[in-house]
Amino acid sequence: MISPVIVVHPLAQIHLTELRRQHTSCGQFRWHLQRLAEILFTEATRSLATAPVRVQTPLVETAGSAFARSVVLVPILRAGLGLQEAILPLVPEATVAHVGIARDEATALPMPYYAKLPAVLKEADVFLLDPMLATGGSACSAVTQLKEAGATRITLICVVSCPQGLQALAAQHPDVTVVTAAVDPGLNERSYIVPGLGDAGDRCFGT
Ligand code: PRP
Ligand code: URA
């Protein structure tokens, strides 16, 4: 199983608790998801490569940092959009690629339906965004598509994960870094994470 980076910051756990709460409204759900996304992305970029630059302050010239590589955000449609909305303002020059994958409700198998990937993937730090890592089928499918398009440095940011999803990723894509706020105990008979937070896309978009 991949050893994920589990973000245990108190604010992360407070936002996660409100996301889990059954009666959190759609607006509140989006707000907490965005705040948690900021925290997860900050942790996910802790080791981001930077390039030295010189900067002129009003007083003197001094050393500074710039992005060493392009940053590409890849929300898995739909629920990943809820994370992207908060993360893009932190890296406003990032490229945004989209991967559309819907889980078949009967089989829980991923059904890819859309992909728009940029040419810069090979040289980029790629952040795959999806609130839920359940069976891992969707994440594995997205990573496969990203690697086929040239990506080599991929970090998955997810709010809630579980052992099954982490094991699936470890088996197919052991090089992917996973940053998450929680590793829940497992899945129910419908392949929903338990305790989880329910259907992230439905709760985020009110459907
Ligand atoms: C959810 C979630 C992940 C996937 C996780 O998306 O956002 O993409 O399920 O499950 P898995 O690890 O078993 O593949 P869903 O397919 O429900 O689509 P949505 O984002 O449009 O709600
Ligand atoms: N997709 C979700 O949105 N939630 C789960 O628990 C599993 C898959």
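## A guided tour of the predicted model

Begin in the loop between β6 and β7, where you will find Ala108. This is a predicted model, and in it Ala108 has a positive phi of about 65° although it is not a glycine. Ala108 is partly exposed, with 15 other C-beta atoms within 10 Å.

Next, select Ser191, in the loop between β11 (186-187) and β12, where phi is again positive, near 65°, in a residue other than glycine. Ser191 counts as partly exposed, having 17 C-beta neighbours inside 10 Å.

Two peptide bonds come next. The bond that joins Leu77 and Arg78 is cis, with omega about 0°, and Arg78 is found in the loop between β4 and α3 (80-87). The bond from Val194 to Pro195 is also cis, with omega near 5°, and Pro195 belongs to the loop between β12 (193-194) and α6.

Now select helix α1, residues 10-20, whose buried residues are Ala12, His15, Leu16 and Leu19. Seen down the axis of α1, these buried residues fall within an arc of 100°, so they line one face of the helix. The face turned away from that buried side carries the exposed residues Pro10, Ile14 and Thr17. If you show what covers the buried residues of α1, you will find α2 (26-44), β9 (153-161) and β10 (177-183) included.

Move on to α4, whose 12 residues should span 16 Å at 1.5 Å a residue, and whose end C-alpha atoms are 17 Å apart, which agrees. The buried residues of α4 are Gly137, Ser138, Ala139, Ala142, Val143 and Leu146, and the elements they pack against include β4 (71-77), β8 (125-129) and α5 (163-172). After α4 comes Gly150, whose phi is positive, near 115°.

From here, turn to ligand 1, which is surrounded by 23 residues, the closest being Arg103, Ala134, Thr135, Ser138 and Gly201. At least two residues of this shell are supplied by each of β6 (98-103), α4 (137-148) and α6 (200-205). By class, the shell around ligand 1 has 12 nonpolar, 7 polar and 4 charged residues.

Then select ligand 2, around which lie Met132, Ala134, Tyr192, Ile193, Gly196, Asp199, Ala200 and Gly201. The shell around ligand 2 divides into 5 nonpolar, 2 polar and 1 charged.

Finally, select residues 8-207, which UniProt lists, in an unreviewed entry, for "domain: Phosphoribosyltransferase". Over these residues the chain is 33% helix and 30% strand, and the end C-alpha atoms are 30 Å apart.

Notes: Residues are numbered from 1 along each chain as its sequence is written. Chains are lettered from A and ligands numbered from 1 in the order in which they are written. This is a predicted model: local features need pLDDT of at least 70, side-chain atom pairs count only at pLDDT 80 or more; totals for chains, interfaces and linings use all residues. A residue is buried if 20 or more other C-beta atoms lie within 10 Å of its own, exposed if 12 or fewer, and partly exposed in between; C-beta atoms are placed from the backbone. Helices (H or I, at least four residues) and strands (E, at least two) are DSSP runs, numbered from the N terminus. The arc is that of the directions from the helix axis to the C-beta atoms. Two residues are in contact if their C-beta atoms, placed from the backbone, lie within 7 Å. A residue is near a molecule or strand if its C-beta atom, placed from the backbone, lies within 6 Å of it. Ala, Val, Leu, Ile, Met, Phe, Trp, Tyr, Cys and Pro count as nonpolar, Asp, Glu, Lys and Arg as charged, and the others, Gly among them, as polar. UniProt positions are given in the numbering used here, feature names are shortened, and annotations may be inferred rather than shown by experiment. The expected span of a helix is 1.5 Å times one less than its number of residues.
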